[in-house]
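Open the structure in your viewer and keep the selection tool at hand. The tour goes from one selection to the next.

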Amino acid sequence: MRYYLIILVVVASVCSGTAADFSWQAGVAQTKITPEGAYWMGGYASRTKPSEGTDLDLRAKALALQDASGDRVVFITLDLLVVTPEISQAVLEGAKARYGLTPANVLLNCSHTHCGPELRLYRETLHNIPKGLAIKMGEYVKWLNNRLIDLIGQSLKNLQPARLAASSDKVGFAINRRENRGEELVKRAEEGKLKGPVDHQVPVLRVANVRDKTMAILFGYACHNTIMSFFKTSGDYAGYAQKFVEQKNKGAVAMFVMGAGGDQNPYPRRKQEHLALHGRALAEAVDRALKGRQTPVRSLLKTARQDATLKFQPAPDQASLEKQLTDKNKYMRWKARLLLGRINAGIRPASSDNLPVQAVRLGNEILLVAVGGEVVVDYALRFKKEFGNQKGLKPMLWFAGYSNDVSFYLPSLRVLKEGGYEGGGHMMYTQFTGPFQEDVEQRTFAAIRKVVEQVSIMHEDK
Ligand SMILES: [Zn+2]
């Protein structure tokens with residue numbers, strides 16, 4: 001009789017999938033990263049003075065996961081505008097030296113809040129940042145790098161048996177900002193006739209300990225954190241969403257993963273009350289996901305990373321740049337000054353740049369792809385269309401933008417051809433000349449295909 005019972009238990013646990021699979025290990029850590037005192041803010045080139053006080057503190061959070069065979073990944077989410085290549089490099093080097101993690105094992109994602117510190121050191125020249133505040137920016141970046149390396153260590157130190165579950169829901173406050181503007185936007189929103197592609201999915205990963213207490217909730221959304229343009233520090237709607245999720249799930253760390261929100265804005269916006277309004281709406285979507293169907297994630301982790309080399313259209317020559325020094329647009333003048341200064345120092349404008357592309361597979365249940373840049377929504381929609389079915393398996397597809405290096409917008413071919421700010425106009429506010437060449441989407445998807453293949457669900461389990 002006893003044998004039958006054992007067989008029954010074994011059969012039951014196989015049938016219920018990995019419901020009791022505690023062969024994952026998970027560890028979380030978080031820290032406040034609001035700069036001390038007044039600082040130069042990023043987000044809007046038009047800023048003319050330093051920060052003034054705090055609406056909501058900025059936080060950095062880390063979730064370390066280790067599967068049954070000891071493979072690891074650490075997700076780091078940041079209430080920050082960008083991840084620069086310099087920050088990424090410093091953190092990855094530290095993670096390699098101190099914890100043996102490779103770039104494929106570490107994912108840095110930022111919420112793109114526009115109410116936090118400027119982190120791009122070249123902006124001192126580009127945007128005339130006062131010297132004292134530029135020095136402070138450099139010091140903050142160094143401090144941040146070390147803080148993030150320590151944070152990874154803390155999350156690894158906190159590893160304990162855990163189980164993972166995938167779920168998802170939707171929320172609709174992101175609108176396509178290229179297709180809906182001004183009064184037209186208000187009218188269409190009232191009539192429920194907004195135009196243009198959006199991605200309203202809210203993917204959720206719940207991490208629980210052996211007592212089923214929630215340790216971490218990772219959730220995503222594809223929308224700019226641009227509700228406010230004031231001079232207060234704030235994590236914007238994503239900061240509020242994380243706060244509300246943590247209030248609802250005591251003791252859990254809530255982590256926001258920015259999706260392909262390059263051409264998406266929250267609506268309505270620009271009033272302080274919208275911060276909590278959209279934060280609440282997103283937190284409620286997370287709550288609905290957590291109350292809905294939970295798909296247990298089996299303990300199997302695979303990661304891969306590959307850079308896509310993206311080419312810029314030919315840069316203006318020296319004579320054109322010198323002419324731009326007297327342009328009536330001050331941003332044009334400042335950009336010409338930056339590039340000419342570099343040319344005089346023997347540095348030609350870059351003809352290409354590398355875009356980080358990373359895949360994280362969690363069991364057969366989640367396939368996450370994380371791409372650098374301010375990725376427009378077309379990428380997420382194409383990713384979901386192309387990779388929705390993996391030999392009969394249907395993992396939850398999770399597209400993260402704003403990961404590992406956020407130096408420019410990443411337009412699709414459609415957006416590049418249409419032009420406008422995300423298509424190439426934004427390059428004036430970066431250190432690159434741009435716009436990209438027309439194979440930008442093709443090159444990015446070639447890298448996406450490679451990393452998905454490397455972690456492929458089609459491969460035999462290890
Ligand atoms: Zn942006």
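The stops below cover a pair of helices and then a pair of domains.

This is a predicted model, in which local features need pLDDT of at least 70 and side-chain atom pairs count only at pLDDT 80 or more, while totals for chains, interfaces and linings use all residues. Residues are numbered from 1 along each chain as its sequence is written, and side-chain values use heavy atoms, without hydrogens and water.

Select residues 236-248, helix 6, and residues 273-291, helix 7. Helices here are DSSP runs (H or I, at least four residues), numbered from the N terminus. The two pack at an angle of about 45°, with axes 7 Å apart. Axes are lines fitted to C-alpha atoms over the stretch in contact, and angles run from 0 to 180 degrees between N-to-C directions. Helix 6 and helix 7 are therefore oblique to each other (under 35 degrees is roughly parallel, over 145 roughly antiparallel, 65 to 115 roughly perpendicular, and the rest oblique).

Now show the side chains where they touch. Contact means heavy atoms within 4.5 Å.

Next, colour domain 1 (24-297 + 385-401) and domain 2 (315-344), whose bounds come from an automatic or database domain assignment. Their C-alpha centres lie 35 Å apart. Between them the domains bury about 620 Å² (accessible area, 1.4 Å probe, lost on being put together, summed over both). Seven residues of domain 1 are in contact with six of domain 2.

Methods. Buried area is the accessible area (1.4 Å probe) that two parts lose on being put together, summed over both.
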